[in-house]
Amino acid sequence: MGGVDVVYTPYDPSINDDPYPVYARLRQEAPIYHHPDLDFWALSRHADVSAALTDSARYSSDHGPMLDRGAWGPHARTFLSFVAMDPPEHTRMRSIVSRAFTPRRVAALEPMIREIARGYIREGVERGTFDFARDLSAKLPLDVISELMGVPPSDRAEVRRNSDLLVRYDPQGQMADAGLKSIMSLGDYYASIIADRKSTPRDDLVSALVSDGGLTDEEISAFVFLLIGAGSETTTHLLSAAWYWAWRNPDQRAAAFGGAITPWVEESLRYDTPAHGLARRLTEPTELHGTLVPKDAKIWILIGAANRDESVFPDADVYDLTRDTSRAISFGAGRHYCLGGPLARLEARVTLEELTKAVSPGYEVHEEGIKRTAHGNVRGMVRLPTTVRAA
Ligand code: HEM
């Protein structure tokens, strides 16, 4: 890579605060970038990202989508379920799960999502100042998954405690010890739910998976972990991004509060995408932009960079609710395309609708209190102090 001096180290706090200038340099100067120490290769152009995600024979998912598989230690395969599989196992599991995770089941969640959103928003408006990330956007998605799974309200606080630990990493991207313990507790808990639904089926996702008969208990349990990992923090970051970037752009905020809810969701997904990167393993030596990348190389596919590619999104660094976002890759592409996309969009639409009804558009974000995180595949805000007035 003679002559290239751009350095891109994921999770480096100085890059994580605003990775987009580095992404722009990667796209321009090093479309196939090799990290000298961490030994991964990064793809950042929209065309390359979309080609890699749709070629699952060459770009295998068998190590899981995280850049550092060590983050999950020996538990990687067990708890990442089919997101860490290739065909034919991936095809088999995904088709069984899709039979239970139906559009009807997702659509039926809308009244419940609205109820949950209203409750947290009401609390926020009563307090006036609250943390949008901690008190609203981090809570709602996990409540929704719990509801989908059939976790009774009385158990949710404990499930939340364990799930929060599950996605806590140290600065090197390794899962904290507490996270490994919480995996065990959650595993036991979900085993008890699975056993219960076998004897007493209900109208929930676990009952549907149990009655299908196509998956073992271990496979169902792994899928539940995947739902928490894939569906909770990502949706949290989407909600926070929508709230923050609308605040930063008053003209766009006016459009959002004027009813442009779907464009608000879609542009937030593109502009500050929650799932920033996905890892793959190259199954054969491949020439990329004149460099021969060896078999088994770890490829880091930068969705966050692709969604800001000027050749697809003119003025890509401008947050603009009127733009065409149809080519954004926020939910991935190809065989592993996000199974929860419709649910995530529903949660975001309903929550933002309720916010525009209950809160005045003149809300404030306290920029100095914002805290961002990046680990595994996701990047987003974990602290977002906000002051609101009732609408
Ligand atoms: C897969 C993004 C919400 C469940 C994925 C992938 C992406 C993604 C990029 C592809 C992974 C890969 O190719 O390796 C997002 C974003 C979300 C979101 C940005 C929110 C804004 C959800 C929700 C659920 C969910 C709410 C379910 C409750 C899944 C599952 C997979 C997946 C099960 C694995 C699909 C497979 O491997 O075939 N998601 N996701 N996601 N997502 Fe989501």
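In β8, W300 is the bridge partner of A279. Helices and strands here are DSSP runs, numbered from the N terminus, with at least four residues (H or I) for a helix and at least two (E) for a strand. Two strands pair if DSSP finds at least two bridges between them. Strand β5 (residues 277–282) also runs antiparallel to strand β3 (residues 59–60), to which two bridges join it. There, R281 in β5 stands opposite S60.

The model is a predicted one: local features need pLDDT of at least 70, side-chain atom pairs count only at pLDDT 80 or more, and totals for chains, interfaces and linings use all residues. Residue numbers start from 1 along each chain as its sequence is written.

Another set of strands forms an open sheet of three, in the order β4-β12-β9, with antiparallel pairing. Because β4 (129–131) and β9 (364–365) each have a single partner strand, they stand at the edges, and one side of each is left without a neighbour in the sheet. Two bridges hold the antiparallel pair of β9 and strand β12 (residues 385–387). T387 in β12 is the residue opposite E364.

Next comes the interior. A residue is buried if 20 or more other C-beta atoms lie within 10 Å of its own, exposed if 12 or fewer, and partly exposed in between, with C-beta atoms placed from the backbone. A nonpolar core is a set of buried Ala, Val, Leu, Ile, Met, Phe, Trp, Tyr and Cys residues joined through C-beta atoms within 7 Å. In soluble globular proteins, nonpolar side chains tend to be buried together. The largest nonpolar core has 105 residues, of which V49, A242, I301 and L302 touch the most other members. Helix α13 gives the most to this core, with nine residues. Leaving aside residues up to four places away in sequence, V49 touches L43, I301, L302, I303, A306 and I329; contact means C-beta atoms, placed from the backbone, within 7 Å.

Helix α2 (residues 20–29) has V22, Y23, L26 and R27 buried. Seen down the axis of α2, these residues fall within an arc of 140°, so they line one face of the helix. The arc is that of the directions from the helix axis to the C-beta atoms. The face turned away from the buried side of α2 carries the exposed residues P21 and Q28. Among the elements that the buried residues of α2 pack against are β8 and α17 (303–306).

The ligand has 25 residues around it, and G231, G332, H336, C338 and G340 come nearest. To be near, a residue needs its C-beta atom, placed from the backbone, within 6 Å of the molecule. α13 (217–231), α14 (233–248) and α18 (341–358) are the elements that give two or more residues to this shell. α13 gives the most to the shell, with four residues.

Some backbone details remain. A cis peptide bond, with omega about 5°, joins P87 and P88, and P88 lies in the loop between α4 (76–80) and α5 (89–100). D296 is not a glycine, yet has a positive phi of about 70°. D296 is in the loop between β7 (291–293) and β8.

Methods. Contact = placed C-beta atoms within 7 Å.
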